[in-house]
Amino acid sequence: HTYSSDPLALQSVVHTLGHAIGAVTLGVRLGEQRLRACLLRCVNATCLTIEDSPWPPQVPGGYAALQPEHLLRLLSGVLPKLTTLKVTVDSIWSDTYAARLAAVCPLLEALTVYRPQIMLTNMPLVSYRPFANLREVALVSDQSSSVQDLLDTLAACPRLQKLGGLMLDEYGPDIAELDYSALSQLSELTLAPGPQGRSLPCLLRQCSNLTKLGLRGVRVEGSSIRQLVAALTCKLASLELGRLEDDGEDICDADVISLCGAQPALTALSLLTTEYNPLIARGHDITDNALTAMHSLQSLELLRIEDANMENISVAALDALVRACPRLRKVVLLRVGEPDDWTDDAQPSSNALRAVDELLRERGGELEDGDVLEESDSDDTTDSEEEGI
């Protein structure tokens, strides 16, 4: 990866190492001629990222990005093994350009086209249909897709298994009339945070082969978190949940108890917040009862709890969970908010959590809870396992 502001030095490196380079990241400010000269040397590269801004940021001139025509010309006849492309294009990406790019890069399996300066994709879901070998699509878009768009894209891309950032339209054809068979090819699905169409529960029921599902910040009128999880007919290995309700309700013990019963084969579970502003971030409504319910997840290897505080969960309950789940190797506790705002009750002694960390390390994992484990190791500290985490 290079962000060199010295084009001659960059060209020298690429000229020397070109055939050995498997993945390359280049800044668009190198100019089309130098970019193409570099790519011509990287004949074995399978992954290409073209940045819209130079590095370091102090390089004058602001942002720059390729026009679609420039990108097509740049990639024509180079990188014969290219399978992954991430690029910023300074224009709305049309279906025509997508079809031409698919002809230029026929082996593409993963494609992301960003807009300059913002982390939003420049292609709607339907524009990915010309890429027959596509395996993974990561949408970061403010454009919604209908259920029909999704089904048509899956039919056109029979190898597509991983789809991220999907935002469903509220309106569309009568979903009862659609052929959902293409949904069975999806193994990973992540929904975009925000409102989703009321067809989502029906869609989830048809995703019979999902192993990973992300529902962080999803809101569906008339459906609760328990109803969405209950709609699943697949057995997940990984589940990511955030606040789902329009009225701002958080994940509660009953939600966790329900999902543990419905998805006993989980190997990874994430309970996340959707708000990063420490002034308004709030805690989930989960207590020790939720951790006790997780004892049934005997395949669990990773647990992540992202919260504004941990005061309703005790160290004793966390320790019991780790001992009850023999495969659990990594626990991530991430507080959202300013440490100065934490209550004294929410700060356990370092030794109390260190014992949990040591047990996880014996299994080849760890407890990630930075600020607590960074505290003093003084033996004079009196530990209380009933303290809130």
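Me: In strand β10, which residue is the bridge partner of E188?
Reply: In this predicted model, strand β8 covers residues 188–191, and E188 belongs to the uncovered face of that strand. Strand β8 pairs with strand β10, which spans residues 212–215, in the parallel sense over three bridges. Within β10, the bridge partner of E188 is K212.

Me: And which residue of β8 is the bridge partner of L166?
Reply: Strand β7, made of residues 162–166, pairs with β8 in the parallel sense, and the pairing runs over four bridges. In β8, the residue that partners L166 is L191.

Me: Which residues form the covered face of strand β8?
Reply: The strand runs over residues 188–191 and has two faces, of which the uncovered one holds E188 and T190. The covered face of β8 is formed by L189 and L191.

Me: Is S270 buried or exposed?
Reply: S270 lies in strand β13, which covers residues 268–271. Leaving aside residues up to four places away in sequence, S270 touches L239, E240, L241 and R304. Its relative accessible area is 11%, and because buried means under 20%, S270 is buried.

Me: Which residues of helix α8 are buried, and on which side of the helix do they lie?
Reply: Helix α8 spans residues 253–262, and its buried residues are D253, D255, V256, L259 and C260. These cover an arc of only 160° around the axis, so they lie on the same side of α8.

Me: Against which elements do the buried residues of α8 pack?
Reply: The buried residues in question include V256 and L259. Two of the elements they pack against are helices and two are strands, as their labels show, and the list is α7 (225–230), β12 (238–241), β13 and α9 (288–293).

Me: How many disulfides are there?
Reply: A disulfide is a covalent bond between the sulfur atoms of two cysteines. The sulfur atoms would have to lie within 2.5 Å of each other, and by this rule the count is zero.

Me: How far from C202 is the nearest cysteine sulfur, and how far is the one nearest to C207?
Reply: C202 is buried, with a relative accessible area of 16%, and C207 is buried as well, at 0% relative accessibility. Neither residue takes part in a disulfide. For C202 the nearest cysteine sulfur is that of C207, at 9.9 Å, while for C207 it is that of C234, at 7.3 Å.

Me: How many salt bridges does a search of the whole structure find, and which parts of the chain does the pair E69 and R100 link?
Reply: Side chains of opposite charge can pair when their charged atoms come close. The search finds eleven salt bridges, and in one of them the side chains of E69 and R100 meet at 2.9 Å, N to O. Both residues are partly exposed, E69 at 33% relative accessibility and R100 at 36%. The pair is 31 residues apart and links distant parts of the chain, namely helix α3 (residues 68–75) and helix α4 (residues 95–104).

Me: By about how much of helix α10 are D319 and R323 separated?
Reply: These two residues form a salt bridge whose closest N and O atoms are 2.8 Å apart. D319 is buried, with a relative accessible area of 16%, whereas R323 is exposed, with 53%. Because they are four residues apart in helix α10 (residues 315–324), the separation is about one helical turn.

Me: Which residues are linked in a network of salt bridges?
Reply: R361 and E366 form a salt bridge at 3.7 Å, N to O, with R361 partly exposed at 48% and E366 partly exposed at 27%. The network is made up of R216, R304 and E306.

How values were computed:
Residues are numbered from 1 along each chain as its sequence is written. This is a predicted model: local features need pLDDT of at least 70, side-chain atom pairs count only at pLDDT 80 or more; totals for chains, interfaces and linings use all residues. Side-chain values use heavy atoms; hydrogens and water are left out. Buried means under 20% relative accessible area, exposed over 50%, partly exposed in between (1.4 Å probe, protein chains only). Two strands pair if DSSP finds at least two bridges between them. Contact means heavy atoms within 4.5 Å. A salt bridge is a side-chain nitrogen of Lys or Arg within 4 Å of a carboxyl oxygen of Asp or Glu. The arc is that of the directions from the helix axis to the C-beta atoms.
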